[in-house]
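I opened this model to look up a few things and note them in order.

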Amino acid sequence: MVAPSAEARSGLRRPAIAWPTSVARSAPAALLGLAIAILWQALAPSGGAVPPPSEVGRALWHGFADGDLGALTARSVGAMALAFSVSVVVGVSGGLLLATRTLADRAVSPYLVGLQSLPSIVWIPVAVLVLGASESAVLLVTVVGALPSIAIGTRDAVQGVPPLILRAARTLGTGRRSMLLRVIVPAALPGIVSGLEHGWAFAFRALISGELITGAKDTGLGAFIDVARKTGHSDRLFAGVVVILLVGVVVDRLLFARVQRRLRLSRGLA
Amino acid sequence: MTAVLERERVLHVHGVSRRYGGRRGLTVALTDIDLDVRQGEFVCVVGPSGSGKSTLLDLLAGHQAPDDGHVWAHGERVTGPDPRRMVVFQEHALFPWLTARQNVEFGLREAGMGRRERRAVAEEWLGRVRLAGFEDAHVHELSGGMRQRVSIARALALEPDVLLMDEPFAALDAQTRDVLHAELQALWQSTATTVVFITHNVREAVLLGDRVVLLSPHPGRVRRTVDVTLPRPRHMEDDGLVQFAAGLLHELTDTETGDGRAVG
């Protein structure tokens, strides 16, 4: 085989193997992660403050196999599902109200914006004061964490619907109820989902912080990390962190990214 | 006698003015507008920017109310938008989350039509605007000309008394516009709808209209109404048409500068 000439090489370059796009897209991140893991493994002393990946991996395995990591993960996820559902219902309806009633918008929105910039952690002592160091306190903090983003996101999305669309709908004889359900919500949906994404991120942080800080027993992953720290099991601590990371990534990639892609594809936005 | 006249007059505008208060003070968009449109007519309203054409369309559609005078349609006062006066906007106002077919079906569903019937009507109309095969395309997959076709189909599917068109072809290239001109004329003749067509292009107005209403700007008022008796079908390059339009345009620009009034 003759080696390709310089001209041939500088011309149209085709990869030797045709990778499927999903592999091509995720490969760089995976490779980087692998490189970091290898480096970490090499540099971290065994039993030190920062355990090497091998020990974290072992702790992960044991945690799920014969420990309570699985159960606590389920509890965190369950708590998120419950709290987030409440936030979505209250937040979206609230956002719709704010978008359609100027008076309400003027009265309430400044507080919502303020709430959004307040770190959810600040609510934890308040919640504990009112509800004790309990699961309910954690749930409350989580709901409050997500609510402002969802409400504001919904309001902005609805207010951002092009007036021309509304005009066209009215000319087509759309009644008031149809207007909301069949025109405004579908038109605002990408923005609403973005608000939900932000709300989720805030809520998840609030949840884990709440579980960690309230010291309520066995609430979830936050509690797992807290116990690991107190008992000096740094490998378990990191294992908990990894699980938290994974939950966040999974929900984002499997849920929100997919929903957003579908929405944007049909609307020609992506 | 008046009752017969009212029935024949699908649209009746009398003594209408519309003013806007803005940062720069009061702007008079329209003043002292009288306009009657009879059943089956194709009326073109022409004027430069600032002549209040779009405002006039808004008033006819019911999106705005006049400050003075009144607007009547189908024998009653206009109080708001109505599917009997369907609008085709300049920027297609199609719903981007729906397919072409679903867009056309939308108004039909609001009117209470059943699913099977809606689908049939939508497909028929999409066929009539030459979009057969594109029923399931999403809006962003369609070209500008195709989107306007869907807008027209959506409007006509409701069998309105009046079709109000606000410079619908302004954003399209010349070739697409020519094609749509011919198709619009054919559609109009086959549906016997009344059309009010807003444009800034005098030749387009002469091409399409039975009657051309010329507006002058600042403030918008009716300068003159001209009947167009050129035989149909008409084409942009027809000598008679070109001359007629040139004459109108000449008159428009001539009188403006003649009055010493600043243009634009």
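**Notebook: backbone details, one helix, one chain**

I began with Arg130(B), which sits in the loop of chain B between α4 (115–128) and α5 (144–157). The model is predicted, so I kept in mind that local features need pLDDT of at least 70. I read phi of Arg130(B) as near 65°, a positive value in a residue other than glycine. I noted this since most residues other than glycine have a negative phi. Is Arg130(B) buried or exposed? Its relative accessibility is 58%, and because the cut-off for exposed is over 50%, Arg130(B) counts as exposed.

Next I looked up His218(B), in the loop between β9 and β10 of chain B. Phi of His218(B) is also positive, near 50°. With a relative accessible area of 43%, His218(B) is partly exposed.

I then checked the peptide bond that joins His218(B) to Pro219(B) and found it cis, with omega about 0°. Pro219(B) belongs to the loop between β9 (211–216) and β10 (221–227). A cis bond also joins Arg232(B) and Pro233(B), again with omega about 0°. I placed Pro233(B) in the loop between β10 and α8 (239–258) of chain B. Most peptide bonds are trans.

Glu41(B) was my next entry. Its loop in chain B runs between β2 (25–38) and β3 (42–46). Glu41(B) counts as buried because its relative accessibility is 11%, where buried means under 20%. A polar atom of the Glu41(B) side chain lies 2.8 Å from the backbone nitrogen of Arg38(B). Leaving out residues up to four places away in sequence, I listed the residues that Glu41(B) touches, among them Asp36(B), Trp188(B), Asp210(B) and Arg211(B).

How many of the 9 residues of helix α2 (residues 53–61) of chain B are buried? I counted 8, so this helix is largely enclosed by the rest of the structure. The buried residues include Lys53(B), Asp58(B) and Leu60(B). Just after α2(B), Gly62(B) has a positive phi of about 100°.

Last, I turned to chain A as a whole. Chain A has 11 helices and 0 strands. Its radius of gyration is 24 Å, while a compact globule of 270 residues would have one near 18 Å. The C-alpha atoms fill a box of roughly 70 × 65 × 30 Å along the principal axes. I found 37% of the 270 residues of chain A buried. For charge, I noted 25 positive and 13 negative side chains in chain A, with the centres of the two sets 15 Å apart.

Technical notes:
Residues numbered from 1 in each chain as written. Chains lettered and ligands numbered in written order. Predicted model: local features only at pLDDT ≥ 70, side-chain atom pairs only at ≥ 80, totals over all residues. Heavy atoms only, no water. Helix = DSSP H or I, 4+ residues; strand = E, 2+ residues; numbered from the N terminus. Rg over C-alpha atoms; globule rule 2.2 N^0.38 Å. Buried < 20%, exposed > 50% of the residue type's maximum accessible area, 1.4 Å probe, protein only. Lys, Arg positive; Asp, Glu negative; His and termini not counted. Charge placed at Lys NZ, Arg CZ, Asp CG, Glu CD. Polar contact = N/O pair within 3.5 Å; in protein donor to acceptor, adjacent residues only side chain to side chain. Contact = heavy atoms within 4.5 Å.
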